[in-house]
Amino acid sequence: MNKSENIIRVKRVAERLGISVAAVWNKTNPKHRSYCPDFPKPFKVSANITGWLESEITAYIEMLAATRTGAQS
């Protein structure tokens, strides 16, 4: 991990993706119908804080955009 890597919390992840906080958690839950195995995995920052690497969320958004672009060709 890069020393300047940012960790973002679930609310910011939801804002970046334009979805609800609940939808973010659903994407991470293998038992939920909205589970997405390609979605970046969260990690515990402390006992009550879970976060994501901002670079992984950015890469996920870029992957979605590339898929969209590829489908339009």
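Salt bridges and their surroundings

Reply: Glu 54 has a relative accessibility of 21% and therefore counts as partly exposed, a class that lies between buried (under 20% relative accessible area) and exposed (over 50%), with a 1.4 Å probe and protein chains only. The model is predicted: local features need pLDDT of at least 70, side-chain atom pairs count only at pLDDT 80 or more, and totals for chains, interfaces and linings use all residues. Residues are numbered from 1 along each chain as its sequence is written, and side-chain values use heavy atoms, with hydrogens and water left out.

The side chain of Glu 54 meets that of Arg 16 in a salt bridge, at 3.6 Å from N to O. The term requires a side-chain nitrogen of Lys or Arg within 4 Å of a carboxyl oxygen of Asp or Glu. Because Arg 16 lies in helix H1 and Glu 54 in helix H3 (residues 54–72), the pair ties together parts that are 38 residues apart in sequence. Helices here are DSSP runs (H or I, at least four residues), numbered from the N terminus. Arg 16 is also partly exposed, with a relative accessible area of 25%.

The structure holds two salt bridges. The other joins the side chains of Arg 12 and Glu 15, at 3.8 Å from N to O. These two residues are three apart in helix H1 (residues 10–17), so about one helical turn separates them. Arg 12 has a relative accessible area of 38% and is partly exposed. As a general point, side chains of opposite charge can pair when their charged atoms come close.
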